[in-house]
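Good morning, colleagues. I shall present one structure today, beginning with the ligand site and ending with the backbone.

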Amino acid sequence: MDCLFCKIASHEIPSTILYEDDLVCAFKDVSPQAPTHFLVVPKTHIADLDEIREENSAVIAHIFEVIAKLCKEQGLTDGYRVVSNCGKDGGQTVGHLHFHVLGGRSLAWPPG
Ligand code: AMP
Ligand code: ZN
């Protein structure tokens with residue numbers, strides 16, 4: 001499958017990987033929107049939030065454990081934001097489920 005984040009997770013395309021294990025990969029966003037901006041993806045291909053089912057949802061809990069660990073490592077003691085854009089209206093541009101983690105500055109709410 002021609003999927004950018006499958007290729008990053010399998011090291012076919014280089015990226016700055018912050019963490020990986022059998023299930024997930026975390027890497028720096030190539031176009032950072034905050035001083036800290038990384039993405040966390042499942043290594044198996046899940047298209048978006050809408051594709052989460054009982055059979056594949058265990059990895060989602062693991063992703064959030066990894067996010068908490070990485071945010072501590074990155075020193076985001078003042079907080080951070082986790083975002084997953086889904087579909088056209090959500091502004092999703094890469095069709096492999098990913099969670100943005102943004103921190104290091106104050107973030108506006110609501111988003112545009
Ligand atoms: P979204 O628009 O929510 O689908 O987010 C896709 C994100 O992937 C954007 O923030 C892009 O900057 C990021 N991105 C695209 N290509 C790469 C890449 N090769 N390495 C790291 N991040 C990427
Ligand atoms: Zn994929």
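I begin with the conventions and then turn to ligand 1.

This is a predicted model, in which local features need pLDDT of at least 70, side-chain atom pairs count only at pLDDT 80 or more, and totals for chains, interfaces and linings use all residues. Residues are numbered from 1 along each chain as its sequence is written, chains are lettered from A and ligands numbered from 1 in the order in which they are written, and side-chain values use heavy atoms, with hydrogens and water left out.

Which residues are closest to ligand 1? The shell has 16 residues, and the closest are Asp29, Asn85, Thr93, His98 and His100; a residue belongs to it if one of its heavy atoms lies within 4 Å of the ligand. By class, the shell comprises 7 nonpolar, 7 polar and 2 charged residues. Here Ala, Val, Leu, Ile, Met, Phe, Trp, Tyr, Cys and Pro count as nonpolar, Asp, Glu, Lys and Arg as charged, and the others, Gly among them, as polar.

Helix H1 (4–9) and strand S2 (24–28) each supply at least two shell residues, and H1 gives the most, with 3. Helices (H or I, at least four residues) and strands (E, at least two) are DSSP runs, numbered from the N terminus.

An oxygen atom of ligand 1 lies 2.7 Å from a backbone N or O atom of Thr93. For Gly91, a backbone N or O atom is 3.3 Å from a ligand oxygen. A polar backbone atom of Val30 is 3.2 Å from a nitrogen atom of ligand 1. The protein covers 81% of the 500 Å² of accessible area that ligand 1 has on its own (Shrake-Rupley method, 1.4 Å probe).

I turn to the aromatic rings. The structure holds 2 aromatic pairs, with ring centres within 6.5 Å as the criterion. Phe5 and Phe27 have ring centres 5.3 Å apart and planes at 70°, so this pair is edge-to-face (over 60 degrees; under 30 is stacked, and the rest tilted). Phe5 in helix H1 and Phe27 in strand S2 are 22 residues apart, and their pair links distant parts of the chain.

Finally, the backbone. Most residues other than glycine have a negative phi, and most peptide bonds are trans. His11, although not a glycine, has a positive phi of about 70°; His11 lies in the loop between H1 and strand S1 (17–20). A cis peptide bond, with omega about 0°, joins Trp109 and Pro110.

Technical notes
A polar contact is a pair of N or O atoms within 3.5 Å; within protein, one must be able to donate a hydrogen and the other to accept it, and residues adjacent in sequence count only if both atoms are side-chain atoms. Rings of Phe, Tyr and Trp (its six-membered ring) pair if their centres lie within 6.5 Å; planes under 30 degrees apart count as stacked, over 60 as edge-to-face and the rest as tilted.
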